[in-house]
Amino acid sequence: MERPAPARQWRKALNVIRTCYRLARPGVLTATVLPRRRSASYVAIKIQHAGDSASFSVAADDESFKGLVKEKRHNSFGRLGGGAGIAAALASDAERGIRGDSDDLRRRRESFGGNTYPKPKPKSFFSYLWDALKDDLFIVLVGFAIKEHGWYDSVGIFLVVFLVATVSAVSNHGQVKRFDELASKSNNTAVTVVRAGRRQEVSRFDILVGDVVILKIGDSVPADGVFLEGHGRLQVDESSMTGEPHPIEIDPENNPFLTAGVKIIDGYGRMLVTAVGTDTLWGEMMGNLTKEDADEPTPLRERLDGLTSSMGKIRVAVAVLAFAVLTARHFTGSTKDDQGKPLFNKGHVTFDAVFSSLVSILQQAVTIIVVAIPEGLPLAVTLTLAFAMKRMVKENALVRHLSACETMGSVTAICTDKTGTLTLNQMEVTEFWVGTDQPRGAMAIAGSVVTLLCQGAGLNTTGSVFKPDNVSAPEITGSPTEKALLSWAVADLGMDADALQRSCKVLHVEAFNSDKKRSGVMIKDNATGAVVAHWKGAAEMVLANCSMYVDTDGAERQLEGEQRRNLEKVIDDMAVGSLRCIAFAYKQVNGTHQSKIDDDGLTLLGFVGLKDPCRPEVKAAIEACTKAGVAVKMVAGDNILTARAIAMECGIISSNDHSGIVIEGHEFRAMSTEQQLEIADKIRVMARSLPLDKLALVQRLKQKGHVVAVTGDGTNDAPALKKANVALSMGVQGSEVAKESSDIIILNDSFDTVVTATRWGRCVYNNIQKFIQFQLTVNVSALVINFVSAITTGKMPLTTVQLLWVNLIMDTMGALALATDTPTKALMDRPPIGRTAPLVSNPM
Ligand SMILES: Nc1ncnc2c1ncn2[C@@H]1O[C@H](COP(=O)(O)OP(=O)(O)OP(=O)(O)O)[C@@H](O)[C@H]1O
Ligand SMILES: [Ca+2]
């Protein structure tokens with residue numbers, strides 16, 4: 001470690017003394033916290049160095065600070081000096097964030113607490129045991145009533161029930177614990193914060209008061225705080241917190257409050273954290289939440305309940321019949337003992353004799369009921385699902401809803417994303433065009449064009465470039481597309497991000513979303529005062545808004561028929577080569593007062609082509625799906641030619657396949673419902689789709705009787721995910737909102753894992769079917785033996801205790817054995833099992 005220079009040490013010491021002196025003066029704290037005049041507060045705050053956490057001028061329990069966000073206290077917000085004032089009071093800085101060294105973090109945690117909430121106390125093992133025992137109380141009672149062979153009948157029965165209850169308690173307890181682990185795994189999301197000027201990802205639980213958090217579409221707000229940046233729009237969805245169904249506009253003056261748990265629907269910005277953990281409404285709510293039962297009924301479970309109840313009816317009928325036959329045989333004297341004498345002496349009819357006979361007959365009939373209770377069935381289902389869930393996590397599929405495990409098994413169509421799911425999402429700029437030329441580096445283009453391109457890439461972005469010092473390579477963060485563009489600008493155009501940021505002021509931002517497929521900024525050059533609008537986005541869409549283009553020599557030319565066609569050809573050629581194509585355009589703007597960024601009559605600056613290679617494992621995975629009778633459909637936001645090229649590369653369409661349809665989102669949108677229904681099956685690729693097109697496709701496929709799985713990553717995928725039979729979200733690139741709408745989180749974002757989940761789904765169904773077969777064999781034989789024997793001889797060869805051992809112990813062990821069968825290759829060689837196919841099939 002480097003020793004601090006003496007001068008710095010002195011300065012630090014002086015600061016500490018000054019702070020102590022300030023705090024020791026009576027009344028100073030109130031003056032800082034509740035400044036009566038704006039200017040006074042400003043001075044007090046100015047004394048502190050940004051990011052120096054020697055002291056905070058507010059404390060966690062200060063009245064004016066405490067409910068700031070929770071109670072949306074506008075007057076406190078004003079008194080504390082707005083976002084910048086609060087940042088300073090919390091020893092933070094709107095641009096550079098907190099200092100973020102271990103000392104600083106410790107002090108913040110000590111003063112304001114961490115961003116966690118107490119977990120509700122888990123149910124103990126004994127309460128699970130009691131729950132399981134309770135279900136079998138009936139059997140135990142019967143056991144105590146039956147004394148065929150003395151006391152050991154009762155003890156035997158009790159022992160059996162206890163053993164089985166223990167097994168199911170252990171399994172339920174383990175299941176809930178595993179769900180907890182998975183839940184904390186899926187809750188532990190990464191949040192982008194700025195600490196000491198550097199963007200970094202930290203766990204949501206490590207957010208501290210004073211942190212500056214970067215928020216983008218699809219994020220969920222990790223703690224309470226106030227909105228900092230002023231030139232963008234931020235729209236949030238508070239429905240999960242307040243029930244307010246309409247999007248709410250956040251702005252830095254009138255409504256700066258962001259409560260933990262709300263979702264960002266649109267926009268981009270920074271927020272300053274003012275309260276964490278249980279000081280927020282969200283933390284309070286989470287802490288008070290009672291554990292939700294992990295044992296939710298799944299569709300299969302419900303069907304099994306149907307099976308159980310029909311078995312119940314059969315066994316009651318059999319028992320009644322047996323009772324009637326036994327009574328008849330007994331009282332007519334045809335039931336004989338071992339010596340061949342009738343058991344019932346018709347000569348001496350006493351009340352006692354009749355009563356005891358009836359009781360013993362009733363006991364035998366009850367035995368039949370007992371034996372036919374499918375004890376092991378619920379246990380088999382729980383065990384199978386638990387086992388599948390555990391193994392699926394190992395194979396990168398995190399199950400959030402148990403039912404998804406099963407439903408995955410009957411999936412007949414998968415609508416998948418392109419970027420990240422079929423491709424690696426590691427983008428890189430491989431082509432660069434200015435006009436119809438491909439310049440070799442920045443030297444081959446006019447300086448003015450390079451400057452504009454740098455502005456377009458470096459300021460119209462949600463990514464960031466951080467240069468720790470002059471020697472090391474810059475750290476580039478952001479979405480894969482943004483990262484690729486920034487890296488290219490730094491490496492090929494020689495962009496200096498810091499200088500760029502200093503030279504211009506951002507006036508207005510329009511963040512990228514999948515509906516618009518472009519992003520824009522309006523900036524003002526600090527030196528010349530010129531105001532420029534920059535747009536970047538889907539190439540053919542941006543080109544359509546351009547009326548001019550620049551040449552490599554910087555001359556602006558009219559974009560006329562011939563030229564436009566040439567440029568369109570440039571885009572198409574890149575797209576056919578499976579590149580994602582992005583265009584940059586700009587426009588000189590008069591005046592700064594517009595609320596919207598001008599987007600017509602633009603001047604085209606250039607195109608870049610981004611290469612995003614196919615994942616190597618995808619081709620085999622798609623082949624496996626086709627073989628298993630599952631149709632794969634790609635729904636992409638990208639250009640139709642790029643989408644087709646990628647689909648070709650990974651085998652969704654082949655060159656000799658003429659039945660598959662490749663369609664653009666707007667064409668599909670324009671069709672009537674009937675037409676959509678007609679082609680839904682044949683669609684292989686839908687390009688340039690809006691999120692609602694994806695939803696429409698899912699609905700049509702469902703109407704055609706498909707069981708549809710949807711993968712998605714964006715906020716706008718949420719509607720389609722919610723409508724799907726099984727929703728899968730991306731663990732790495734997926735937004736919070738997508739993850740929350742999903743049943744399964746794909747931890748490695750790969751399509752391969754979707755196939756794995758399908759395989760496991762089929763395996764679950766298969767295992768349960770095997771178990772039913774096993775149980776029916778055992779139970780039906782026992783039932784038949786006893787019933788036939790009762791009718792013919794009036795006695796039952798198998799006693800209650802024996803039957804219970806067969807029923808309970810064998811079933812439990814059978815469940816254990818069959819539940820842990822792993823998927824076989826053959827599972828994926830047959831068509832999917834429909835969701836309505838009978839559980840007990842004819843061959844069974
Ligand atoms: N950060 C960005 N800034 C500007 N334009 C972008 C950005 N990211 C993507 N685009 C453009 O928007 C288009 C599609 O975006 P969209 O979000 O709908 O699809 P995606 O989910 O990224 O990709 P895919 O549909 O291939 O999985 C891209 O083809 C690209 O031209
Ligand atoms: Ca997408």
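A residue is counted as buried if 20 or more other C-beta atoms lie within 10 Å of its own. By this criterion, 9 of the 12 residues of helix 17 are buried in the predicted model, so the helix is largely enclosed by the rest of the structure. The buried positions of helix 17 are Val449, Val450, Leu452, Leu453, Cys454, Gln455, Gly456, Ala457 and Gly458. Helix 17 covers residues 447–458 and reaches 16 Å from its first C-alpha to its last, close to the 16 Å expected at 1.5 Å a residue.

Over the protein chain as a whole, 45% of the 844 residues count as buried. The secondary structure comprises 30 helices and 26 strands. Among contacts with a separation of 6 or more, residues 24 or more positions apart account for 71%. The chain is divided into domain 1 (6–94), domain 2 (125–178 + 298–382 + 761–824), domain 3 (190–288), domain 4 (396–423 + 616–756) and domain 5 (428–611).

The C-alpha centres of domain 4 and domain 5 are 31 Å apart. To the contact between these two domains, domain 4 gives 12 residues and domain 5 gives 14 residues. On the side of domain 4 that touches domain 5, the largest share, 5 residues, is supplied by helix 23 (residues 640–649). That side of domain 4 divides into 5 nonpolar, 5 polar and 2 charged residues.

Ligand 1 lies between domain 4 and domain 5, because both give residues to the shell around it. Of the 20 residues around ligand 1, those that come nearest are Lys418, Thr419, Ser514, Ala538 and Gly637. Two or more residues of the shell are given by each of helix 18 (480–492), strand 15 (518–525), strand 16 (531–538) and strand 19 (579–589). The largest share, 3 residues, comes from strand 16. In composition, the shell around ligand 1 has 4 nonpolar, 8 polar and 8 charged residues.

In soluble globular proteins, nonpolar side chains tend to be buried together. The largest nonpolar core of this model holds 189 residues, of which Val226, Ala380, Cys405, Ala585, Ala709, Val710 and Ile744 touch the most other members. When residues up to four places away in sequence are not counted, alanine 709 touches Met408, Val411, Ile414, Ala724, Asn725, Val726, Leu728 and Val754. A second, separate core is made up of 23 residues, including Ala132, Val160, Ile368 and Leu783.

Valine 618 is placed in helix 22 (residues 618–627). Valine 618 counts as buried because it has 24 C-beta neighbours inside 10 Å. Apart from residues up to four places away in sequence, valine 618 touches Leu422, Cys650, Phe751 and Asp752. The C-alpha atom of valine 618 is separated by 40 Å from that of lysine 119, which is 499 residues away along the chain.

Positive phi values in residues other than glycine were examined at two lysines. For lysine 72, phi is near 50 degrees, and the residue is in the loop between helix 4 (63–66) and helix 5 (74–79). Lysine 72 is partly exposed, with 13 other C-beta atoms within 10 Å. For lysine 517, phi is about 60 degrees, and the residue is in the loop between strand 14 (504–510) and strand 15. Lysine 517 counts as partly exposed, with 18 C-beta neighbours inside 10 Å.

Key. Residues numbered from 1 in each chain as written. Chains lettered and ligands numbered in written order. Predicted model: local features only at pLDDT ≥ 70, side-chain atom pairs only at ≥ 80, totals over all residues. Near = placed C-beta within 6 Å. Helix = DSSP H or I, 4+ residues; strand = E, 2+ residues; numbered from the N terminus. Nonpolar A, V, L, I, M, F, W, Y, C, P; charged D, E, K, R; others polar. Domains from an automatic or database assignment. Contact = placed C-beta atoms within 7 Å. Core = buried A, V, L, I, M, F, W, Y, C linked by C-beta atoms within 7 Å. Expected span 1.5 Å × (residues − 1).
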